[in-house]
Amino acid sequence: MIKTTGILAVILMLNGYLFAQETTDNSFKEYTQNISGTPVNFKMVPIPAGTFMMGSATGEKGRDEDEGPQKKVAISPFWMGAYEVTYEEYNSFFQDEASSQNIEADAVTRPSQPYIDFTLGMGKVGGFPANSMQQYGALMYCRWLYKKTGIFFRLPTEAEWEYAARAGSDKTYFFGNNEADLSQYAWYAKNSGNKYHKVGELKPNAWGLYDVLGNVGEWTLDQYEANYFDSVAVDAKDPVIKPTKRYPRTVKGGAYRDEAKDLRPANRLMSDPVWNRRDPQIPRSKWWNADAPFVGFRIIRPYKQPTPEEAESFFKLYLGK
């Protein structure tokens with residue numbers, strides 16, 4: 001397993017093995033992203049390129065069948081949000097006049113308004129994680145960010161998410177194998193009081209990611225497949241299962257209501273239409289989940305930015321636009 005700690009690492013193939021070589025790039029560092037016309041900003045932290053063993057070992061406590069067999073995977077560098085996207089950030093999208101007045105020019109579909117209190121009284125103002133959106137809503141937020149900033153953001157793939165969550169560790173959790181230490185890093189069934197909490201109140205992982213385990217689960221890009229690892233080649237680079245249908249998609253990280261085993265970085269959760277069973281709308285909303293206060297998201301910024309044409313192709317694929 002390769003652990004990368006430099007500013008940027010380039011993947012090299014030598015004698016059939018992948019190695020990480022540090023290069024100098026002063027632009028690849030932690031930074032704060034502002035959004036013009038809004039009062040909010042968010043912190044992005046660099047995730048260096050490298051390789052890791054994705055999935056769980058056969059003897060890992062709490063392991064499910066869909067977590068293996070483990071595969072060595074190479075990941076390109078990217079920035080990732082230090083925190084889960086908050087209500088203040090997500091609501092800026094909903095409140096932005098450009099997203100509702102000139103839809104065609106901004107290429108943004110007007111978001112539907114929440115039809116119930118998705119917070120369930122757990123908190124909204126002051127840094128609480130946005131929750132209950134479907135993957136579509138999370139991706140539309142990314143598209144809005146692209147229009148506002150000129151920078152391409154998206155959800156992480158399953159592989160990117162697990163790589164970043166592990167932060168160089170090959171243990172059950174990024175801090176080791178002892179689940180008794182989990183309360184220092186994550187809100188889950190044992191310490192959450194059955195509610196999510198403000199982002200960043202507990203310790204981060206080694207790469208500066210807060211609440212990457214617990215609090216709210218996090219959307220990834222991938223279509224969920226139980227046999228994911230059968231479709232990933234050994235030494236695959238940046239694997240992703242592109243969507244072919246609305247359900248299921250993969251959620252990672254576990255949430256405030258989950259047990260310790262569900263917060264392991266290797267754990268995989270598939271989305272379920274039952275999460276929106278109480279939606280009063282017909283047809284049911286593609287923006288919200290009426291029964292999923294345990295799902296949110298965080299974003300990434302690929303180090304290598306796509307061309308405008310590639311970015312539009314991406315959103316067309318994942319959003320059907």
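This is a predicted model: local features need pLDDT of at least 70, side-chain atom pairs count only at pLDDT 80 or more; totals for chains, interfaces and linings use all residues.
Biologist: How do the axes of helix α4 and helix α6 run relative to each other, roughly parallel or roughly antiparallel?

Modeller: The axes of α4 (residues 135-149) and α6 (residues 308-319) come within 11 Å and cross at roughly 160 degrees. Angles over 145 degrees count as roughly antiparallel. The two helices are therefore roughly antiparallel.

Biologist: Is the crossing of α4 past α6 left-handed or right-handed, and which residues of α6 does α4 meet?

Modeller: On the α4 side, the contact has Y136, L139, M140, C142, R143, Y146 and K147. By class, the contact of α4 with α6 has 11 nonpolar, no polar and three charged residues. The crossing is left-handed, and the α6 residues are P308, A311, E312, F314, F315, Y318 and L319.

Biologist: Which strands stand at the edges of the open sheet?

Modeller: Four strands form this sheet, with mixed pairing, in the order β11-β10-β8-β12. An edge strand has a single partner, so one side of it is left without a neighbour in the sheet. The edge strands are β11 (269-270) and β12 (295-296).

Biologist: Which residue of β11 stands opposite V251?

Modeller: Strand β10 (residues 249-252) pairs with β11 in the antiparallel sense, over two bridges. In β11, the residue opposite V251 is L269.

Biologist: At what angle does α4 run to β8?

Modeller: Helix α4 lies across two strands, β8 (217-223) and β10. Its angle to β8 is about 90 degrees.

Methods: Residues are numbered from 1 along each chain as its sequence is written. Side-chain values use heavy atoms; hydrogens and water are left out. Axes are lines fitted to C-alpha atoms, for helices over the stretch in contact, and angles run from 0 to 180 degrees between N-to-C directions. Angles under 35 degrees count as roughly parallel, over 145 as roughly antiparallel, 65 to 115 as roughly perpendicular and the rest as oblique. A crossing is left-handed if the near helix is turned anticlockwise from the far one by less than a right angle, and right-handed if clockwise. Contact means heavy atoms within 4.5 Å. Ala, Val, Leu, Ile, Met, Phe, Trp, Tyr, Cys and Pro count as nonpolar, Asp, Glu, Lys and Arg as charged, and the others, Gly among them, as polar. Two strands pair if DSSP finds at least two bridges between them.
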